[in-house]
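User: I am new to this structure and would like to learn how to read its features one at a time. Could you take me through a few of them?

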Amino acid sequence: MSPVPICYSIIPPLLRVGHATHCKRCLTGLPASQVDTDPFKLALAFYCLGSLDLTNQITAGSTKESDRELWREWIWAQQTSGPSGTGFRPGPYMSISGEPTSESAPQLIMTYTALLSLAMLRDDFSRLDRSGLISFLKACQNEDGSFSVEPYGGDADLRTMYCAFAISKMLDDWSGICLDQALRFIASCRTYEGGYGQIPFSEASGTGDQLSESEVRQTVRWVIMNQESCGGFRGRTCKDADACYSFWCGASLAILGSNILVAEASIASYIASCQFKFGGIAKGPNEHPDPYHTYLSLAAVALYPPPEPVGGPTWLLQPLDPLLNATKDTAMWATEHIRI
């Protein structure tokens, strides 16, 4: 296996200021092209704040303290408790009358994004119901070891499993998870290609049990083969490249200790082609930008900055922790302040 054989004399600058402005705008109000994400506001806030964190636009004085406090309070307002424990809901739902209502269940993915978003804002987590969070994790795990997005129901796949593991790591408490069952479920999602589907018997996607050396090599081979000649990664076999998979596949390779196989300049060149001239990054060239692809593209660049002289100073972002999917400083803050 070898990196994609592409060479570039120079890569266009990363439009850092424009991408930060795009995310700040989405934090205060969704543009018309993003209204479909309105039911997932907490995840949207994570992508926006994550982009600001990667570009050093939060703690460096580029945002007002009043704005940071407003964002913190809004996130804490989504913490909700019930018979199944405590977690974070996607956002304030609207009633038939048009008034916000608090009657919504916490969700596992939203809880993961809420914790990291608060860590980005350097919250002290004094309001976190840690014991309730452990109960919430227990209520989300199913008999087959998978985790539902909500207690006792909802979608269950490896994405929700990852969130449960990440929350447990930040808590430094794994008592909310039956690990043996969880690892068996992960093993059941492995495909003949060496990748993992979201659920058993599904197509491998660029998203383990304790792998043998040969299994690791097979997985690494499958992931690296998904970097296309354009420089971007595709998420599934025979699909087109998508900017977000530069992170999903790139982070997998970094965790598996095979990041040397990634062609950094090729990733940067592809992401540069996905930039919108007024800010934001899209899934592909000539597509509409959105916070999701903006953040994950920046996260990929943080993991794999293009080398000099191909790249330039605009491409140097805050170092990323691929396990938690946050800057190393934010990941450290989370693990130090969230733990029980």
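User: In which sense, left-handed or right-handed, does α3 pass α4 in their crossing?

Analyst: First, a word on the source: this is a predicted model, in which local features need pLDDT of at least 70 and side-chain atom pairs count only at pLDDT 80 or more, while totals for chains, interfaces and linings use all residues. Residues are numbered from 1 along each chain as its sequence is written, and side-chain values use heavy atoms, with hydrogens and water left out. A crossing is called left-handed if the near helix is turned anticlockwise from the far one by less than a right angle, and right-handed if clockwise; here α3 passes α4 in a left-handed crossing. Helices are DSSP runs (H or I, at least four residues), as are strands (E, at least two), numbered from the N terminus.

User: At roughly what angle do the axes of α3 and α4 cross?

Analyst: Axes are lines fitted to C-alpha atoms, for helices over the stretch in contact, and angles run from 0 to 180 degrees between N-to-C directions. The axes of α3 (residues 65-76) and α4 (residues 108-120) cross at roughly 155° and come within 10 Å. The two helices are therefore roughly antiparallel, a label for angles over 145 degrees.

User: Which residues of α3 and α4 meet?

Analyst: Contact means heavy atoms within 4.5 Å, and by that rule Arg72, Ile75 and Trp76 of α3 meet Ala114, Ser117 and Leu118 of α4.

User: Which residues make the contact between α2 and α3?

Analyst: The axis of α2 (residues 41-54) comes within 11 Å of that of α3, and the two cross at roughly 150°, which makes α2 roughly antiparallel to α3. On the α2 side the contact is made by Lys41, Leu42, Leu49 and Leu52, and on the α3 side by Trp71, Trp74 and Ile75.

User: How many bridges link β1 and β2?

Analyst: Two strands pair if DSSP finds at least two bridges between them. Strand β1 (residues 79-82) pairs with β2 in the antiparallel sense over four bridges, with Gln79 opposite Phe88 in β2, and a hairpin of two residues joins β1 to β2.

User: Is Met170 buried or exposed?

Analyst: Buried means under 20% relative accessible area, exposed over 50%, and partly exposed in between (1.4 Å probe, protein chains only). Met170, which is found in helix α6 (residues 158-171), counts as buried because its relative accessibility is 0%. Leaving aside neighbours within four places in sequence, its contacts include Tyr112, Leu116, Leu324 and Ile338.

Conventions: Angles under 35 degrees count as roughly parallel, over 145 as roughly antiparallel, 65 to 115 as roughly perpendicular and the rest as oblique.
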